[in-house]
Amino acid sequence: MLAQIVIGGFATGCIYAVVGLGFTLVYRTLRMVNFAQGHVFMAGTFLGLAIAERAHLPALPLLLAVGALAFVVGMVLERLVFRRLYHNHEVFIVGSIGLGIVLMNGVRVLYPEPVPFPKVFGTNVVEIGTARIQEANLWVVASTIALVLLLHAMFTYTRVGRGLRAVAADAEIAGAVGVNVKRAIALTFGLSFAVAAVAGVLIGPLYFVSFDMGDMVGLKAFSAAVFGGINSIPGTILGGVVIGVLENLAGGYISSAYKDLVAFVILLVMLVWRPTGLLGRETPVKV
Amino acid sequence: MRIGKLFVAVAVAGAVLGVLPAQAQDIKLGVIAGMSGPGTSYGIGIRQGAEMAVKEINAAGGIKGRKISLVVVDDASNPAQSVTAMQRLVGDQVDLIVGGWGSSQVLANMEVVERAAIPYIVVGATNPKITTDKNKWTFRVIFTDSVQAEQIAEAAVKRLGMKRIAVIHDANDYGVGNRDVFLASLKKLGMEPVAVLSYQSADKDFTAQLSRIREANPDGLAVFGTLPAAPAIMNQARDLGIKARFIGTGGLANENLMTLAPKASEGTVLTTYFHEDVDADARAWADRYVKEFSGGSQPPRPVLAAWEYRAIKFIAAPCLERVGTDKDKLRQCFGSWKGKLFSVPGEAHFDKTGQLIQPSVLVEVGNGAFQAFKGK
Amino acid sequence: MAGTRAKWLGLGAALVAMFAVPAAAPQYVVHIANFVLIYTLPVIGLGFLTGFTGRVSLAQGALFGTGAYTTALLTTKLGWVPLATFVPSVLFTVVLAVALGGAAVRLAGLYFVMATIGIQQIVWIVLMNWIELTNGPQGVRSIPPIGLGGYDLDTPQRFYYLALAMAVVSYILAKRVVGSRLGLFLRALSDDQLAASSVAVEVGRAKVTALALSAAWAGAGGFLYAHYVRFIHPDMFGLEPSVLFLVMSMFGGYRSIEGMIVATAVLESATEYLRPFGEFRMIVYGLLLLLGMMFFPRGILTLVPRRSAASPAHAKV
């Protein structure tokens, strides 16, 4: 039973990690939290559903297609919507919550009931010891690893990536040395949307998709990001996986009723003890 | 001056809400359910049932020449909004109300009805606490969790011969209510469950719970929840290698169960509110209903539409014919109502608490559809 | 002098009008007015926290619920008289808020928001799952109405006067706190924390006091709510109402209590305005939030800028 629970939790944790990445990317660059992130994840799933139903794409092209589309949407929304919300935290939070509500209910009008997602990742069940894992779960883990490696490569070796890091560290100076700050911010949003949407497609075949699936995942991914360090990419990944495994363990061994509590208690405790998270670097101003 | 602005805002709100057009002679029938939000598909079913019944009654001349006009309000499956929505019906001076989906909503909105003294027939909420000795004006046609859970417990032990039953239930009122009655019934039959676990309605992943259940090696798994969790649980259970047969109550009585869990749901035995095959009238109605409402934006949902339709056509309408719209007389008429409803075997009547007493209908999932349960 | 006389006349007329509402307006409107009046309490409470210390809380819904559940349980399980539960309800809410959030107030603004989300969810999950205490998803029903000397406030019209009285008292109290030494200090805190702390004043204690005050108002509002709707359920106190309260306190302008009250009235009636949109109701609501924030970030009524514009990449506390 232990193996089953841990491996299951690992897969869920990867989803929290990837969606959490969206939070982290935006936070690093803007010091703001985009509360629509969970619903972007959900919208990504439905986008994937719509494409898969019409175009019958196999797994990898589907992921790429959804990622690319979401990227563009993210950039467009940054230009049209997010840019007007930068005044202060509260405005950004409430505005992004509003956007999330629009996304969720927009999808609800089109898909009021839960629907099954085409099994693009196959339906085999793999046995690892006493644990039985769906093939799709393995795809989740593999894709997460691939994604993290890709992002790392981009941030370290490409000009664009280094530019994004510069803006994250200090926008003024980055702008002074010639980095196009506005474009960097737009790209960051595009990335955060793409990541969330891809997570959505990864999880689609595992569970049914419904318009309200973004709520809890968004909140837990957020907790994961804070836990691991909301300005640290490896921290967020670690945070997501740890929360996924811990909550499954709690659900299996302690009480399935309070399983959700794990993520939020961790969040609260972490914030009070060490706000920058496990692997975060920046010291917040505590006055 | 600024406090004045508050008043202005309130007054404007009041004015904008406006006056509802009302023909003085019409009988106003209120319908309340969730039509935007989680319970949308159930709410739409209720509305469709109401529309169908009222259309037929009006076409046949109405009630002693008076037409029935429907006043439909949406409570978004939210208890607080349900109270406000019910207040709206009261404000509109409806003569009676037939509807209500979701025990949390009904428990909330029935308080309004009891205080406003309007007869209310509940069609879509199964928590036992709705009909007790406290409600005077509230009646309920759908059977309660207690009845269903008890009946499925008996069926599981006596007819299906299950010996090791595990329970997984939603943490909401529906799941908890069912679990309590089910376990009490099992106890009376001399049995203890091998595992009892809960989940949150919005959960997607049940690995933790199902792993524990797998350890307990059950031959039957009772699933007390609604969609989409139930089919997800069934799929995941099969994937994990759990071979137990699934049983459940009304939350599973949704055609979508088979769409979402085509293989895993085969063989599930559950109590349901309505089934076309119980008698010829049921089949005839179901065919008419599906024909009328297919091709719309929402697929037809006979199960909840059936109760709304039957409540209006066979209970409310005859009473309106007999005693008119006097609320107290209507209430007494309901209380003493007896009769035959399609798809309900035998005769039905309301007991002292306003609950319609009726035998349940057991169905089994076979070949992707609900089939009458015939034996093993 | 004509100006003040006109002002007093206007105020008088408004008060008379407010008193006339239950008699003049349909019951349904009185019902909505009651909700508006009840909600002004947690909104004003939030205003202390947000407008005067720069800390945004998304836990106000949970605190509102704590007040509601405390009184509901004391009256239904222990048979207490409603009025007797007022002080315990408020007190318990304050204690809970300080216990869970006290350590977090010292965090920088955005981190504090995150912490309040944690608090909100934790309280909601406990309300939902601690069935022995709260009845969980079955909610608490048959909560008795408030009785004043044998006269039960069990209709919207009767309740209206109590709600009005409490809203007015809250308003007056709030104005007094804002004008007091504490209020002055809290505002200084919000404007420039470093400067305030350099005056060596008790920054931490002031923040906890602000938190306690906001919790007290939330608890009082919850008390009223429970005895008005008479059935409570954990879903009434989740993240959604927390967001709603926050929006109400922001839409009116950060520092204007009058603005908050008007915003509450407008937004609460909005649920009814939006009915004609049917299925699209929530989409319109979301759009209102989004567009409101995009085009009226400083609130609709007040145009006093709250913060100087700063480049987003610098941490703003």
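## Strands, helices and a chain contact

In strand 8 of chain B, B:Gly220, B:Ala222 and B:Phe224 point one way, B:Leu221 and B:Val223 point the other way, and all are buried. This is a predicted model.

**Strand 8 of chain B and its partners**

- Strand 8 covers residues 220–224 of chain B and is mostly covered, with five of its five residues buried.
- Strand 6 (residues 165–170) of chain B pairs with strand 8 of chain B in the parallel sense, over five bridges.
- B:Phe224 in strand 8 of chain B is the bridge partner of B:His169.
- Strand 9 (residues 245–248) of chain B runs parallel to strand 8 of chain B, and three bridges join them.
- Opposite B:Ala222 stands B:Ile247, in strand 9 of chain B.
- A right-handed β-α-β unit is made by strand 8, helix 8 (residues 229–239) and strand 9 of chain B.

**An open sheet in chain B**

- In general, strands of a sheet pair through backbone hydrogen bonds, either parallel or antiparallel.
- Five strands of chain B form an open sheet with parallel pairing, in the order 2-1-3-4-5.
- Strand 2 (68–74) and strand 5 (138–140) of chain B stand at the edges; each has a single partner strand, so one side of each lacks a neighbour in the sheet.
- From one strand to the next, the twist averages 25°.
- Strand 4 (residues 120–124) of chain B pairs with strand 5 of chain B in the parallel sense over three bridges.
- B:Thr138 in strand 5 of chain B stands opposite B:Tyr120.
- Helix 2 (residues 40–59) of chain B packs on the sheet and touches strand 1 (27–33), strand 2, strand 3 (96–101) and strand 4 of chain B.
- The direction of helix 2 of chain B makes about 165° with that of strand 1 of chain B.

**Where chain A meets chain C**

- Chain A gives 45 residues to the contact, and chain C gives 47 residues.
- On the side of chain A that touches chain C, two or more residues each come from helix 4 (89–110), helix 7 (171–176), helix 9 (214–228) and helix 11 (261–273) of chain A.
- Helix 4 of chain A gives the largest share of that side, 14 residues.
- By class, that side of chain A has 31 nonpolar, seven polar and seven charged residues.

**Helix 7 of chain C**

- Helix 7 (residues 156–179) of chain C has 24 residues, which at 1.5 Å a residue should span 34 Å.
- Its end C-alpha atoms are 34 Å apart, which agrees.
- Buried residues in helix 7 of chain C include C:Pro156, C:Phe159, C:Tyr160 and C:Ala163.

How values were computed: Residues numbered from 1 in each chain as written. Chains lettered and ligands numbered in written order. Predicted model: local features only at pLDDT ≥ 70, side-chain atom pairs only at ≥ 80, totals over all residues. Contact = placed C-beta atoms within 7 Å. Helix = DSSP H or I, 4+ residues; strand = E, 2+ residues; numbered from the N terminus. Nonpolar A, V, L, I, M, F, W, Y, C, P; charged D, E, K, R; others polar. Expected span 1.5 Å × (residues − 1). Buried ≥ 20, exposed ≤ 12 C-beta atoms within 10 Å, placed from the backbone. Pairing = 2+ DSSP bridges. Right-handed = clockwise from strand over helix to strand, strands pointing away. Axes fitted to C-alpha atoms, helices over the stretch in contact; angles between N-to-C directions.
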